[in-house]
Amino acid sequence: MLQVKNLKIKIADKLLVSDVSFSIAKGEVFAVVGQSGSGKSLTAYTMLNLSKFLGNFDISGEVIFKDKSLLQLSEKDMRKIRGDKISMIFQDPMTSLNPLHRIGRQMEESIALHQNLSKKEMISRIEELFDQVELSALKTRLDAFPHELSGGQRQRVMIAMALANDPDIIIADEPTTALDVTIQKEILILLKKLRSERNLSIMLITHDLTTVANIADRIAVMHKGEIVEQGNASEVLKNPQHEYTKKLLSSVPHGSAVPYPVDAHEVLSVKDFSVNYSVGKTIFGKNNRFFTALDNFNMNLKRGQTIAVVGESGSGKSTFAKGVLKLVTSSGKILLKGKNISRLPEILFRPYRRKLQVIFQDPYSSLNPRMTVGDIIMEGVKAHKKHFRLNERQLRELIASTLEKMSLPAEYMARFPHQLSGGEKQRIGIARALILHPDIIVLDEPTSALDLITQSEILKILKDLQRDYGLAFIFISHDLRVVKSLSHYVIVLKNGKIVEEGTSEEIFSSPKEEYTKNLIDSAFLTAA
């Protein structure tokens, strides 16, 4: 179906992709794996002649689809192939879908570019596509905006758009990375079903080896712009030949939590904790209807302990994090080292914020792009200057020593976020929290946006910090593989309620609730 021959991509004098060659057969799932920056997505964009919109690249080699050399086609001819013969599913459906347009209109746009259908035929085609991607419930909601859909629904809309013109090949760029484990499983099952029904060829770009093991026929492993290993999926995964492939496989989360003293004192206690959001008001503007996002949550956290709060999207995990950080209004008690902080006004609570820090999910959006690394890390110290009382030289030394703990050189202080990799950005996020000498850090999906090798590096840093400083972690996550390697205790949430809790060993070895079993099965999905 498609051949890539000796593809080279340069910008200025820097070689980004070097002599990449592979082919994709009819009905085959071909996976390209590797860490961030390996050249996976750039190769895919170039195959569709899209990289020219990203920068002034110097491209050589061939991309041949049905005897046509795609790199030689004019933009007009290329548009007849994009979205028609070769479609693409992008990584983040929230940013790939236009937030200002209703989903029905966006579906119509993708079809109208390649097919001349009447309005009635168009609606019928969209409904047919929604049936195929198991979105029948949305057939009556074509006027909905992307933000009104769940993450799984948005990704299914993206798949429906990719299928709209009966393509021969779909390029799926990290199609499950932004989704929770049960939705990931559903999307994988859907892709396998569509491949079987339509004899589709799929090029899957991913860093998740669980995904690869479950769906791919063949694998190409990319590292620093080169394919270092290529072959049958099961053979490569079971018997890797290249050192980098071995490193990728060994980076799958493993190990156990850092031990903490049995007699460790309690640093945080949450009692009868609930969060309600207003969803309706009277004509006089008074709230009269509420949605309970978190209901009667209880937790006791000790020094050096990690408690994981897990569940699907919408289960109340992030609501709990916001509530315990006093970023949303809540009821119940929050006791920080015995002090009831739940009703403290912000001006009195501010000194306690130093002891209760947070590391956010997305390192790309959680750092201010206009501030240097030094200013980002320094910001919290300046907010708590009464505690630190440092002169400029002492402050720079403190920032440098904190960066050193992150295995980053002091000269990074002068860099801006866009000059850092995803892993380096997340290290800056950790440094920003650590410099304030907290007792507790709330980790809100801190590794979900990272590739396996970078994820492994971040987890090692977190474990080392916990071991060295006795930090207590509240770990919010849907990735139970990471949870198993980091957590002592697990709380499972569903629809805002605790459905199961226990030690990490108890939850993973003998879960009692069907919901928990489904989460674990989805997270540790193996080849099927």
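Modeller: Let us begin with Asn199, which is placed in the loop between α7 and β8 (201-206). Please bear in mind throughout that this is a predicted model.

Biologist: Why is Asn199 called partly exposed?

Modeller: The relative accessible area of Asn199 is 38%. Buried means under 20% and exposed means over 50%, so Asn199, at 38%, counts as partly exposed. Its backbone also deserves mention, for Asn199 has a positive phi of about 55° although it is not a glycine.

Biologist: What is the phi of Asp272, and where is Asp272 found?

Modeller: Phi of Asp272 is near 45°, a positive value in a residue other than glycine. Asp272 is found in strand β11 (residues 266-281). With a relative accessible area of 46%, Asp272 is partly exposed.

Biologist: How do you know whether Thr206 is buried or exposed?

Modeller: Thr206, in strand β8, has a relative accessible area of 2%. The limit for buried is under 20%, and Thr206 is therefore buried.

Biologist: What makes the link between Thr206 and Glu174 a polar contact?

Modeller: The two side chains approach to 3.5 Å. A polar contact requires a pair of N or O atoms within 3.5 Å, and the pair of Thr206 and Glu174 is counted as one. Beyond four places in sequence, Thr206 touches Val32, Val33, Gly34, Lys40, Glu174, Thr211 and Val212.

Biologist: Let us turn to the helices. How do you know that the span of helix α5 agrees with expectation?

Modeller: Helix α5 (residues 119-132) has 14 residues, which at 1.5 Å a residue should span 20 Å. The end C-alpha atoms of α5 are 20 Å apart, so the two values agree.

Biologist: Why are the buried residues of α5 said to line one face of the helix?

Modeller: The buried residues of α5 are Met122, Arg125, Ile126, Leu129, Phe130 and Gln132. Seen down the axis of α5, they fall within an arc of 155°, and so they line one face of the helix. These buried residues pack against α4 (103-112), α6 (151-163) and α7 (181-198). Just after α5, Glu134 takes a positive phi of about 60°.

Biologist: What span should helix α15 have, and which of its residues are buried?

Modeller: Helix α15 (residues 392-405) has 14 residues and should span 20 Å at 1.5 Å a residue; its end C-alpha atoms are 20 Å apart, which agrees. In α15, Leu395, Leu398, Ile399, Ala400, Thr402 and Leu403 are buried. Among the elements that cover them are α13 (373-383), α14 (385-388) and α16 (422-434).

Biologist: What is found at the start of α15, and what just after it?

Modeller: At the start of α15, a side-chain oxygen of Asn391 reaches to within 3.2 Å of the backbone nitrogen of Arg393. Just after α15, Ser407 takes a positive phi of about 60°.

Biologist: How many aromatic pairs does the structure hold, and why is the pair of Phe297 and Phe320 called stacked?

Modeller: The structure holds five aromatic pairs. In that of Phe297 and Phe320, the ring centres are 4.2 Å apart and the planes are at 25°. Rings pair if their centres lie within 6.5 Å, and planes under 30 degrees apart count as stacked; the pair of Phe297 and Phe320 is therefore stacked.

Biologist: Why is this pair said to tie together parts of the chain?

Modeller: Phe297 lies in strand β12 (residues 287-302) and Phe320 in helix α11 (residues 317-324), so the pair ties together parts that are 23 residues apart in sequence. Phe297 is buried, at 0% relative accessibility, and Phe320 is buried as well, with a relative accessible area of 0%. Ring pairs also link Phe273, Phe297 and Phe320 into a cluster.

Biologist: What makes you say that the charged end of Arg415 sits over the ring of Tyr412?

Modeller: The charged end of Arg415 is 4.1 Å from the centre of the Tyr412 ring. The distance limit is 6 Å, with a further condition of lying within 35 degrees of the ring normal, and Arg415 is counted as sitting over the ring. Lys326 likewise lies over the face of Phe349, at 5.3 Å from the ring centre.

Key:
Residues numbered from 1 in each chain as written. Predicted model: local features only at pLDDT ≥ 70, side-chain atom pairs only at ≥ 80, totals over all residues. Heavy atoms only, no water. Helix = DSSP H or I, 4+ residues; strand = E, 2+ residues; numbered from the N terminus. Expected span 1.5 Å × (residues − 1). Buried < 20%, exposed > 50% of the residue type's maximum accessible area, 1.4 Å probe, protein only. Arc of directions from axis to C-beta. Contact = heavy atoms within 4.5 Å. Phe/Tyr/Trp six-rings, centres within 6.5 Å; stacked < 30°, edge-to-face > 60°. Polar contact = N/O pair within 3.5 Å; in protein donor to acceptor, adjacent residues only side chain to side chain.
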